[in-house]
Amino acid sequence: MNALLKRTAKCTACILATSTLALSGCSMMLGEEEVAVEETSRPAMNVVDIMAIDRPSPQKEDDEQSDEQEGMDAFGAIGQPTLYSSVQGAYKGRPLTKHIGDYVKNMTQDLIANMEYVNEKTPIGVTHFALIDTNLQETDLLGKQMAESFVHELHKFRVPVIDFKATDYIRITDGGDFVLSRDYLELSSSLPIDYVLTGTMAKHQGGVLVNARILGIESRAVVASAQMLVPFYVVEALIPSDGSQKNGMRDGVKLSRG
């Protein structure tokens, strides 16, 4: 009898333990289902690549390049280049990304690349560039500025440059203090110049064709040469000191003598 009671109690304990495990398992499953439902109901995070927004797609780049080649803007209309006007109205044209000095820099590199005999002991003089279709005794603002730019670029390459327009005194006037002069009577007639950089200019379709060369003073031999086309919109960006244009325009009005 005692043995039967013990067996019955043991069976009852086993049944209770099994029920407890089953209930705990069900609660765990319910918890997992609730988490899953909560995750699915939660809205997905919208991740935006801010770099991708600014980065054009290959197709967009091709479209923009084709539009630029056809002269069309982003809206498909045929566009005109942006124009820039100076305060005086003397220059009206494209906004510049380069100036005369940039083209002179490239020409100087060409001169240095094929230069012969010139060294740190052979001083160079730089003259104005002449208009090729004249008697070679005429120049313009471009020819004068190119000479000034060449002086700067040659000095950067440590080539000795002699400024023969410098006097041996400083002239003090109401207009300013000056040491340069174009009066040959005020300049020295004997300077240690072995070579001279000079050149010519010719108007060309789309710009001015500039020919530069370095000559030996005694031999007249060409020891370096360079050539480059300077676009018209760069040339026309040079404004005379009086603010006038070459074609007689001043402040938007064409001047002519009666």
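**Close-up views of a predicted model**

**View 1. R220 is exposed, with a relative accessible area of 62%.** Accessibility is computed with a 1.4 Å probe on protein chains only, where buried means under 20% relative accessible area, exposed over 50% and partly exposed in between. R220 lies in the loop between β9 (207-216) and β10 (222-231), and although this residue is not a glycine, its phi is positive, at about 65 degrees. The model is predicted, with local features requiring pLDDT of at least 70 and side-chain atom pairs pLDDT 80 or more, while totals for chains, interfaces and linings use all residues. Residues are numbered from 1 along each chain as its sequence is written, and side-chain values use heavy atoms, leaving out hydrogens and water.

**View 2. L136, which is not a glycine, also has a positive phi of about 65 degrees.** L136 is partly exposed, with a relative accessible area of 47%, and is found in the loop between β4 (130-131) and α5 (141-156); helices (H or I, at least four residues) and strands (E, at least two) are DSSP runs numbered from the N terminus.

**View 3. One aromatic pair is found in a search of the whole structure.** F129 and F150 are stacked, at 5.5 Å centre to centre with 5 degrees between the planes; rings of Phe, Tyr and Trp (its six-membered ring) pair if their centres lie within 6.5 Å, and planes under 30 degrees apart count as stacked, over 60 as edge-to-face and the rest as tilted. The pair links distant parts of the chain, with F129 in the loop between β3 and β4 and F150 in helix α5, 21 residues apart. F129 is buried at 0% relative accessible area, and F150 is likewise buried at 0%.
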